[in-house]
Amino acid sequence: MSQPESQNAIQKKSRLFKYAYVPVLTLIILMCISNATTAQTSTPASPTVSENTQWVLFTGCLVFFMNAGFAMLESGFCRSANAITVLAKNLIVFGIATLAFWSLGFAFMFGDGSNFIGTSGFFLEVSDNSPLIEGAYQGVFHSLKWAAIPLPAKFFFQLTFAGTAATIVSGAVAERIKFAAFMAFSFFLVLSYAITGHWIWGGGFLDNLGFRDFAGSTVVHSVGGWSALMGSVLLKPRLGKYRKLRPNERRSNRDTSFYGKKIISMPAHNLSIATLGCFILWLGWYGFNAGSTLTANSEAIAHILLVTLMAGATGGIGATFWAWQVYEKPSLSFMVNGILAGCVSITAACAFVNITSAAVIGFVGGALVVYATILLDKFQIDDPVGAVPVHLFCGVWGTLAVGLFSRNPDKYLWSKEYFRLDQGGLFFGGGINLLFAQLIGILLVGAFTVVFSAIAWIGISYFIYKISDTSNSDFKVFKSLRVLPQEEVIGLDSLFAEGNDIQQMKREYIETQRHKRFLQRKYSIRR
């Protein structure tokens, strides 16, 4: 015989039902919008347009495949009890990014509007005669009118970048965030990414200032990194990551935080999978950087591929070397993150620097990821996979590298088309102007993303607080964003259908803790 529902359960269902109209109303609005016809002029595709389109779609698929790399990397670096959750987040995030970028993000980023944000082209329901370009172009995405490819190809390629930015956050908040909270934040992150992306790639004020980021060290990686940092700070560390030093316990400067707590290592459960993820990401980066040409320019593509390979290689070597100095042993984890750090570091400058400069940029990125990881631990900022050191710290470094290492635009045949500046970087006689523009862009994008992310995280937390059973208690941001302590100890995989019965595991956990406290009291009495 079924038991009657408790009053709390009934109230919770009623609160949830109160918000059920939101997706229904959204679906109705989308159906109405979809009735509008897209007036798109049909033009015969020239051989050049066909080649460009094939190249862009191929590289877009490589960037899309990077999601598999992120899934492997993060699930391998995390503990086994959370593997399903990590895989689920990496899978669902691209679906959310697709919806957000199609409905609002692409228009915010590339639509005609102001220097701050695009205001045209929502839902792609627009008149656009791409692939006609420049003076022949008629549409609302003038920031992309130079690319001789159809509008769907432009959208698909840029969508894969938006998905990558959203995926970065997943690893930094792993092993303690509520799945629903992560899903909600992913949607808002794509909007934040699109707004700052408009400033740089959409013809906004930073582009007019002279800021340059060819493939996204700031646009993609730093934005994802800043958002991940805010999530890590607001969520607080995983249980057991930092603990008080025991009496007479030896204090090691390397293993002690700035707040006097011992830093506890939580080893990766499957470095084989993490290494496979690294190789997938390295491969995808060739599409990420070289595909950003949006044209099948063979000389530019070959150069960008080579400098990306070189930076990734020296990034891995640099991280290996410096980790060996710190830990007195080589580290596979830092080899993996060092390669990714090198790739992030070269992303902004890959079309503007020579091979030697790429090697230097990658090596510095590899060193940076080691010491940034140590610094975060010292501040008790828990990032299980190293997403913040790789994407934020190296994204900032890679953006500054444009102002330092860029060659004079006359050096490469394709450089003037993408660079659109008269002088290169500081180390090649270009002066300080470009470096100054890069610094201004880093600060403005960072400040906006931090504020936007903080508002989004806090807003999501407050919404969850209001519809939960704990709405009568004091509101704390991290409590509404995190799973329950016993769920975290058991492992977040138990919250999925593929996991074991969560209620049974909770009972077992509570019983174990009760027995443990009983034994501790008994031992204390005997002493």
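Contact means heavy atoms within 4.5 Å. The views below come from a predicted model.

**View 1. Thr347 and the residues around it.**
Thr347 lies in helix α11. Its relative accessible area is 0%, so Thr347 is buried. Beyond residues up to four places away in sequence, Thr347 touches Phe214, Ala215, Gly216 and Ser217, among others. The list also includes His221, Trp285, Phe288 and Asn289.

**View 2. The whole protein, for orientation.**
The protein has 527 residues, and 53% of them are buried. Its secondary structure comes to 18 helices and two strands. Take the contacts with a separation of 6 or more: 74% of them join residues 24 or more positions apart.

**View 3. Trp457 in the largest nonpolar core.**
The largest nonpolar core holds 128 residues. Which of them touch the most other members? They are Phe101, Phe106, Tyr193, Trp201 and Trp457. Residues up to four places away in sequence are not counted here. Trp457 touches Val169, Val173, Ile177, Ala181 and Phe185, among others. Its other partners include Ser227, Met230, Gly231, Leu234 and Leu481.

**View 4. Helix α5, end to end.**
Helix α5 covers residues 151-172, a run of 22 residues. From its first C-alpha to its last, α5 reaches 34 Å. That is close to the 32 Å expected at 1.5 Å a residue. Why is α5 described as largely enclosed by the rest of the structure? Because 20 of its 22 residues are buried.

**View 5. Gly277 in helix α9.**
Gly277 lies in helix α9, which spans residues 271-290. Is Gly277 buried or exposed? Its relative accessibility is 0%, so Gly277 counts as buried. Setting aside neighbours within four places in sequence, Gly277 is in contact with Gly69, Met72 and Leu73. Gly277 and Glu74 are 203 residues apart in sequence. In space, they are 8.2 Å apart, C-alpha to C-alpha.

**View 6. The largest cavity and its lining.**
A search of the whole structure finds two cavities of 30 Å³ or more. The largest cavity has a volume of about 70 Å³. It is lined by 13 residues. Closest to its centre are Phe70, Leu73, Val385, Ala387 and His391. Which elements give two or more residues to this lining? They are α3 (47-77), α5, α11 and α13 (387-405).

**View 7. The second largest pocket.**
The second largest pocket has a volume of about 910 Å³. Its lining is made of 31 residues. Ser265, Tyr327, Phe334, Thr373 and Asp377 are the closest to its centre. Two or more lining residues come from each of α11 (332-347) and α12 (355-378).

A disulfide is a covalent bond between the sulfur atoms of two cysteines. How many disulfides are there in this model? The count comes to zero. Two cysteines are picked out here. Cys61 has a relative accessible area of 43%, so it is partly exposed. Cys78 has a relative accessible area of 1%, so it is buried.

Notes. Residues numbered from 1 in each chain as written. Predicted model: local features only at pLDDT ≥ 70, side-chain atom pairs only at ≥ 80, totals over all residues. Heavy atoms only, no water. Core = buried A, V, L, I, M, F, W, Y, C linked by side-chain atoms within 4.5 Å. Buried < 20%, exposed > 50% of the residue type's maximum accessible area, 1.4 Å probe, protein only. Disulfide = S-S within 2.5 Å. Helix = DSSP H or I, 4+ residues; strand = E, 2+ residues; numbered from the N terminus. Expected span 1.5 Å × (residues − 1). 1 Å grid on protein atoms, 1.4 Å probe; cavity = no way out; pocket = protein on both sides within 12 Å on 5 of 7 lines; lining within 4 Å. Points joined across faces, edges and corners; volume = space filled by probe spheres on them.
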